[in-house]
Amino acid sequence: MYSEKVMDHFQNPRNVGEIEDASGVGTVGNAKCGDIMRIYLDIDENQVIHDCKFKTFGCGAAVATSSMATELVKGKTIQEAMEVTNQAVMDALDGLPPVKVHCSLLAEEAIHAALWDYAEKNHIEIEGLEKPKTDIHEGEEEQEEEY
């Protein structure tokens, strides 16, 4: 069962669309379920996220987590945006069913991918930011083989 907030963000998503000449664009997917999320950031000279948009191909939870993630980072500094975790997205949506937690991971990774793109374009380093995965299940095969 989905929370009222998840349903609201799915039925009335905020910040849908693209930003032309975005400061940073991040695209991530989940090969296992087929969800694809793209986040666009407009970051000003003070490193504040002035605007944030998304385009998501996926289930209702993927749309809802994208919508909430954009709401959580808008108006924040880059460092504050780095603190928006998948748990923060889930908490803001009053939770997700266990089988949909991966959607919140997509949202976190898409934000990080957009920040990575911004950092690369501006030749800067963002503290705590690592090169993002394009598929949130990247590296799992190696882990599974170890056990």
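How many of the 14 residues of α2 are buried? Eleven are, and the helix is mostly covered. The model is a predicted one.

Helix α2 runs over residues 60-73. Its length fits its residue count. At 1.5 Å a residue, the 14 residues of α2 should span 20 Å. The end C-alpha atoms are 20 Å apart, so expectation and model agree. After α2 comes G75, with a positive phi near 85 degrees.

## Packing of α2 on α5

Two packed helices are described by the angle between their axes and the distance between the axes. For α2 and α5 (residues 101-122), the angle is about 40 degrees. The axes lie 8 Å apart. Angles under 35 degrees would count as roughly parallel, and 65 to 115 as roughly perpendicular. The α2 and α5 pair is therefore oblique. The crossing of α2 past α5 is right-handed.

Which residues form the contact between α2 and α5? On the α2 side they are A61, A62, T65, A69 and V73. On the α5 side they are C103, S104, A107 and I111. Seven of the contact residues are nonpolar and two are polar. None is charged.

An α-helix has 3.6 residues a turn, so residues three or four places apart point the same way. T65, A69 and V73 of α2 are among the residues that meet α5.

S67 lies in helix α2. Is S67 buried or exposed? Its relative accessibility is 0%, so S67 counts as buried. The cut-off for buried is under 20%.

Neighbours within four places in sequence are set aside here. Beyond them, S67 is in contact with H9, P13, R14, N15 and F54.

## A88 in α4

A88 lies in helix α4. With a relative accessible area of 28%, A88 is partly exposed. A88 and M68 are 20 residues apart along the chain. Their C-alpha atoms are separated by 9.7 Å.

Conventions:
Residues are numbered from 1 along each chain as its sequence is written. This is a predicted model: local features need pLDDT of at least 70, side-chain atom pairs count only at pLDDT 80 or more; totals for chains, interfaces and linings use all residues. Side-chain values use heavy atoms; hydrogens and water are left out. Axes are lines fitted to C-alpha atoms, for helices over the stretch in contact, and angles run from 0 to 180 degrees between N-to-C directions. Helices (H or I, at least four residues) and strands (E, at least two) are DSSP runs, numbered from the N terminus. Angles under 35 degrees count as roughly parallel, over 145 as roughly antiparallel, 65 to 115 as roughly perpendicular and the rest as oblique. A crossing is left-handed if the near helix is turned anticlockwise from the far one by less than a right angle, and right-handed if clockwise. Contact means heavy atoms within 4.5 Å. Ala, Val, Leu, Ile, Met, Phe, Trp, Tyr, Cys and Pro count as nonpolar, Asp, Glu, Lys and Arg as charged, and the others, Gly among them, as polar. The expected span of a helix is 1.5 Å times one less than its number of residues. Buried means under 20% relative accessible area, exposed over 50%, partly exposed in between (1.4 Å probe, protein chains only).
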